Amino acid sequence: MINLDSMDIRLLAALQKAGQASAADLSKQLGLSASQIGRRRQRLEQAGFIDHVVFRLNAKGLGLDVQAFIQIQTDAQTGTAHQSILKLVNSQPQIVAAWTLTGEADYIFRVFCPSLPDLNDLIQNTLLAHPAIGRVQSQIVMGELLDDTALPLDHLV
């Protein structure tokens, strides 16, 4: 692991806000030359600090009007059950994020669907029909206060 200096941290913070920003734009913002920005970014990518760059799309603009979080309890805590849940998650495009949990639920999924009937179809005909899933509990998002994937970097300073 390489040591991060204050400019590396500032560059990482800027990239989290605008990952597709050009080296020229970042050089103006950070006070380094575009070539220095490019070298630092490449070094940070090679060191594993930058996982990948994605575009954030507008769900509502794409007709995905329903967002929900779905908690899953499995019938059994086995490797086979986990593998089948992993396969399920990777086969359903509506599931955009999934985590394993401690506590009452074993998994939580973040899903986007065009409508409530589509969400109901996912729950009734896919999730509840899955042999490893015992219980499903969903929460429909009514409004977003904050939806950001930026990680906190203040502990690095």
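View 1. Phe55 lies in the loop between helix H3 (34–46) and strand S1 (66–74); helices (H or I, at least four residues) and strands (E, at least two) are DSSP runs, numbered from the N terminus. The model is predicted: local features need pLDDT of at least 70 and side-chain atom pairs count only at pLDDT 80 or more, while totals for chains, interfaces and linings use all residues. Residues are numbered from 1 along each chain as its sequence is written, and side-chain values use heavy atoms, with hydrogens and water left out. Phe55 counts as exposed because its relative accessibility is 62% (buried means under 20% relative accessible area, exposed over 50%, partly exposed in between; 1.4 Å probe, protein chains only).

Together, Phe55, Leu57 and Leu62 make a nonpolar surface patch of about 390 Å². Patches are made of residues with over 30% relative accessible area and no salt bridge, with like charges joined within 9 Å and nonpolar side chains (Val, Leu, Ile, Met, Phe, Trp, Tyr) within 5 Å; accessible areas come from the Shrake-Rupley method with a 1.4 Å probe, and for residues only the protein chains shown count as cover.

**View 2. Salt bridges of Arg40.** The side chains of Arg40 and Asp5 form a salt bridge at 2.9 Å, N to O (a side-chain nitrogen of Lys or Arg within 4 Å of a carboxyl oxygen of Asp or Glu). This pair links distant parts of the chain, 35 residues apart: Arg40 is in helix H3, and Asp5 is in the segment before helix H1 (6–17). Arg40 also forms a salt bridge with Asp8, the closest N and O atoms being 2.6 Å apart. Because Arg40 lies in helix H3 and Asp8 in helix H1, the pair ties together parts that are 32 residues apart in sequence. Both Arg40 and Asp8 are buried, whereas Asp5 is partly exposed, at 33% relative accessible area.

**View 3. Asp106 in a loop.** Asp106 is placed in the loop between strand S2 (95–100) and strand S3 (107–113). Asp106 is buried yet has no salt bridge, and Arg135, the nearest side chain of opposite charge, is 9.3 Å away (Lys and Arg count as positive, Asp and Glu as negative; His and the chain ends are not counted). The side chain of Asp106 instead makes a polar contact of 2.8 Å with the side chain of Gln77 (a pair of N or O atoms within 3.5 Å; within protein, one must be able to donate a hydrogen and the other to accept it, and residues adjacent in sequence count only if both atoms are side-chain atoms).

**View 4. Gln67 in strand S1.** Gln67 is in strand S1 and counts as buried, at 7% relative accessibility. A polar contact of 2.7 Å joins the side chains of Gln67 and Arg110.
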